[in-house]
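Have the coordinates open as you read.

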Amino acid sequence: MSNRFFEYLLRLGDDRLVLGHRLSEWCGHGPILEEDIAMANIALDLIGQANLLLLKAASVENAGRDADALAYLRDAREYRNALIAELPRGDFAFTIARQFLFSAWALRQWEALASCRDADLAGIAARAVKESRYHVRHSAEWLVRLGDGTEESHARAQDALDELWRYTGELFLTDAIERELAHEGLAADPSAFRSAWQKDVDDVVARATLRLPAVEHWQQGGRTGLHTEHLGRMLAEMQVLPRTYPGARW
Amino acid sequence: MPQNATTDDPRRLAEFEARIARCKTIEPKDWMPERYRKQLIRMMSQHAHSEVVGMLPEGNWITRAPSLRRKMGLLAKVQDEAGHGLYIYCSTETLGVDRNDLIQQLLAGTAKYSSIFNYPTLTWADIGAIGWLVDGAAIVNQTMLAKASYGPYARAMVRICKEENFHKRQGFEIMTTLAGGTREQHAMAQDALDRWWWPSLMMFGPRDKDSPNSDDLLRWKVKQKTNDELRQRFVNITVAQAMAIDLTIPDPALKYNERTKDWEYGEIDWEEFWRVVRGNGPCNRERLAARRRAHDDGAWVRAAAEAYAAKHEPAASVA
């Protein structure tokens with residue numbers, strides 16, 4: 001069980017760490033000061049969740065690695081996040097659309113995990129549910145504003161959805177690891193909340209006067225370490241200090 | 001200019017000055033001399049701009065912070081600065097100016113912000129040095145400003161000082177960790193202190209004899225200590241801290257005066273000070289360019305929010 005659970009915790013943690021990092025790239029460069037604050041806030045929540053998840057993963061692994069070792073000393077091929085999290089931040093519409101699609105999914109996932117059989121993960125989930133509710137509300141409000149704002153903002157928001165939508169299928173992939181863990185009450189089976197998520201998305205997309213594109217092929221690979229080219233560069237930047245000064249404490 | 005004060009209604013001016021002498025705060029609806037209002041707008045907007053521009057040098061290291069804890073700490077700190085900026089812009093608006101106009105002045109290069117942010121953050125230790133020295137210097141200034149006569153500014157300073165104290169501790173802790181770390185980390189910390197020490201002393205502004213704005217500011221309790229007094233206080237606090245973590249203040253002239261109990265310091269490079277103030281520091285252009293880019297790139301977002309609000313009035317509430 002412990003190997004599978006470790007793997008699952010990495011997936012949960014890496015999603016949040018990578019997306020939180022992408023969001024943190026906005027800090028100081030947002031379209032209005034209020035959004036600098038809001039995006040930093042969401043980034044902080046996500047990195048905070050990642051920290052707890054990787055701490056838990058480290059303790060489940062029990063191999064002498066701590067959360068920082070997992071974050072800073074794994075290569076891209078060892079990262080387990082969904083691809084949608086690692087795509088470059090793009091413009092504000094891309095950031096908002098991604099945040100909405102991800103957070104609406106993450107909220108459902110956390111709600112399911114709040115009754116997880118592992119007390120630590122259930123505790124993390126209970127707190128994260130509250131944070132995620134805010135993330136969904138904030139990103140949904142902006143997506144509606146952008147979609148139903150000006151011609152330009154509508155076009156940008158539509159472009160973002162067109163680009164992002166093909167990465168959402170991966171969020172609902174399950175493999176033997178997740179199925180077995182879900183059966184044991186340790187993981188959330190995403191197929192259980194796919195239709196609820198789809199409805200959440202459809203409602204907001206409709207209010208935003210946007211439409212979801214048709215998808216020929218769902219992009220996937222993150223859960224097995226097959227990432228886009230973007231993640232390696234992101235990690236090269238993120239990991240530079242611990243990699244350059246092995247063994248140093250910060 | 002001083003003659004403005006004399007063109008104000010002498011009776012109201014006397015009441016105003018009496019009120020300040022009684023240590024009462026001046027509130028937005030109270031009468032105030034035009035020069036007082038202008039000074040405050042200048043100081044407060046410069047302060048707000050400094051918070052916002054100050055996000056850039058530290059933001060430079062958010063994506064490279066060396067541990068999850070440091071990453072969260074730095075992100076939270078930069079977020080606090082955005083909050084301070086917003087808070088002070090709002091306080092400045094109580095003086096009858098518009099935040100957007102103030103931001104336009106910053107982007108046009110006609111408003112000033114603290115010169116310290118025109119220096120580059122070259123290593124992780126700079127994040128420690130900024131927290132320790134720059135926030136440390138800011139606290140010395142702001143502790144005084146928290147007793148300023150203008151109520152909204154004083155109250156903003158009380159709240160901001162609490163957070164700045166936290167930032168300073170966080171910065172000093174980063175420096176302590178580096179100074180007590182590997183040989184390379186210690187060298188990194190010393191190098192950061194070497195580069196940030198003198199610019200931090202410059203944060204207190206020109207020497208008293210060269211400070212054109214100070215007289216009125218002191219009389220009206222916009223400021224309550226002179227630049228040199230505050231600078232000395234900062235030096236006295238900081239020298240002891242550097243010694244405690246085995247770092248060397250880069251000033252061969254530094255010496256303790258037993259009689260005054262002050263650490264006497266060497267001459268500040270005023271040419272450098274004025275060069276950076278006048279726009280020729282290492283990062284002046286980059287900082288303004290980054291702010292302009294963020295503003296320009298965000299124009300369509302702000303337009304969208306306005307358009308949406310206009311379509312959905314009065315139900316919509318848009319930032």
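Across the interface of chain B and chain A, the rule finds two salt bridges. Keep in mind that this is a predicted model. Here is a pair to click on: R99(B) and E34(A) join their side chains in a salt bridge, at 2.9 Å from N to O. Polar contacts between chain B and chain A come to 14 residue pairs, with both partners at pLDDT 80 or more.

Which parts of chain B supply at least two residues each to the side that touches chain A? They are the helices α3 (34-59), α4 (68-93), α7 (151-179), α8 (183-202), α12 (284-297) and α13 (299-311). The biggest giver is α4(B), with 13 residues. Sort the residues on this side of chain B by type and you get 28 nonpolar, 11 polar and eight charged.

Now for the interface as a whole. In terms of contacts, 47 residues of chain B touch 48 residues of chain A. Together the two chains bury about 4,100 Å², and 70% of that is on carbon and sulfur atoms.

Next, the salt bridges over all chains: the structure holds 38. One of them sits in chain A, where the side chains of D175(A) and R11(A) meet at 2.7 Å, N to O. D175(A) is in the loop between α7 (151-164) and α8 (176-183) of chain A while R11(A) is in helix α1 (residues 2-24), so this pair ties together parts 164 residues apart in sequence. Are the two partners buried or exposed? R11(A) is buried, at a relative accessible area of 3%, whereas D175(A) is partly exposed, at 24%.

Over in chain B, R195(B) forms a salt bridge with D126(B), and the closest N and O atoms are 2.7 Å apart. Because R195(B) lies in helix α8 of chain B and D126(B) in helix α6 (residues 125-145), the pair ties together parts that are 69 residues apart in sequence. D126(B) is buried, with a relative accessible area of 0%, while R195(B) is partly exposed, with 24%.

One last stop in chain B: E58(B), K77(B), E81(B) and D135(B) are linked in a network of salt bridges.

Conventions: Residues are numbered from 1 along each chain as its sequence is written. Chains are lettered from A and ligands numbered from 1 in the order in which they are written. Side-chain values use heavy atoms; hydrogens and water are left out. Contact means heavy atoms within 4.5 Å. Buried area is the accessible area (1.4 Å probe) that two parts lose on being put together, summed over both. A salt bridge is a side-chain nitrogen of Lys or Arg within 4 Å of a carboxyl oxygen of Asp or Glu. A polar contact is a pair of N or O atoms within 3.5 Å; within protein, one must be able to donate a hydrogen and the other to accept it, and residues adjacent in sequence count only if both atoms are side-chain atoms. Helices (H or I, at least four residues) and strands (E, at least two) are DSSP runs, numbered from the N terminus. Ala, Val, Leu, Ile, Met, Phe, Trp, Tyr, Cys and Pro count as nonpolar, Asp, Glu, Lys and Arg as charged, and the others, Gly among them, as polar. Buried means under 20% relative accessible area, exposed over 50%, partly exposed in between (1.4 Å probe, protein chains only).
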